[in-house]
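Take a look at the model below. We will start with its aromatic rings and then walk through the fold.

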Amino acid sequence: FGLVDLSESFWMIEDGELHLQLQKAHKGEAWGSALKGHGQLDLFSEREVNKKLMLERFQEEHPGFDFSGATFSGEAPSARSFMGGIHH
């Protein structure tokens, strides 16, 4: 879990179910779980999430390129800190 941006997060009850939309306060940060004390991502899943965040960062920083078929041959670096980190 991590910090959330309260102004961009919300909740609602629909058909008796609670729905949460949590916006991360720090872009590119991988969360091991959404809620404290509620399970942790296994190492494989955490690496896959990090790869997805890194590809999202590449797409955002280079909108003219198509990264939809891109893959990493190994472990992806942290999207939050890679090459100086996220600046926006």
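Rings of Phe, Tyr and Trp (its six-membered ring) pair if their centres lie within 6.5 Å; planes under 30 degrees apart count as stacked, over 60 as edge-to-face and the rest as tilted. By that rule, a search of the whole structure turns up three aromatic pairs. The rings of F58 and F67 have centres 5.7 Å apart and planes at 40°, so this pair is tilted. Ring pairs join F58, F65, F67 and F72 into a cluster.

A word on the source. This is a predicted model, in which local features need pLDDT of at least 70 and side-chain atom pairs count only at pLDDT 80 or more, while totals for chains, interfaces and linings use all residues. Residues are numbered from 1 along each chain as its sequence is written, and side-chain values use heavy atoms, with hydrogens and water left out.

Now the fold. The chain holds one helix and two strands. Helices (H or I, at least four residues) and strands (E, at least two) are DSSP runs, numbered from the N terminus. Along the sequence the pattern reads β-β-α. The radius of gyration of the chain is 15 Å, well over the 12 Å that the globule rule gives for 88 residues, so the chain is more spread out than a compact globule. That radius is taken over C-alpha atoms, and the rule is 2.2 Å times the number of residues to the power 0.38. Along the principal axes, the C-alpha atoms fill a box of roughly 40 × 30 × 25 Å.

Start with the strands. β1 (residues 10-14) and β2 (residues 17-21) pair in the antiparallel sense over five bridges; pairing requires at least two bridges found by DSSP. I13 has L18 in β2 as its bridge partner. The two strands form a hairpin with two residues between them, and D15 in the turn has a positive phi of about 50°.

Then comes the helix. α1 covers residues 43-61, 19 residues in all, and reaches 27 Å from first C-alpha to last, close to the 27 Å expected at 1.5 Å a residue. The expected span is 1.5 Å times one less than the number of residues. D42 caps the N-terminal end of α1, with a side-chain oxygen 3.1 Å from the backbone nitrogen of F44.

Which residues of α1 are buried? They are N50, K51, L53, M54, R57 and F58. They cover an arc of only 165° around the axis, which puts them on the same side of α1. The arc is that of the directions from the helix axis to the C-beta atoms. F44 and K52, on the other side, are exposed. Buried means under 20% relative accessible area, exposed over 50%, partly exposed in between (1.4 Å probe, protein chains only). Of the chain's 88 residues, 16% count as buried.

Note on methods
Polar contact = N/O pair within 3.5 Å; in protein donor to acceptor, adjacent residues only side chain to side chain.
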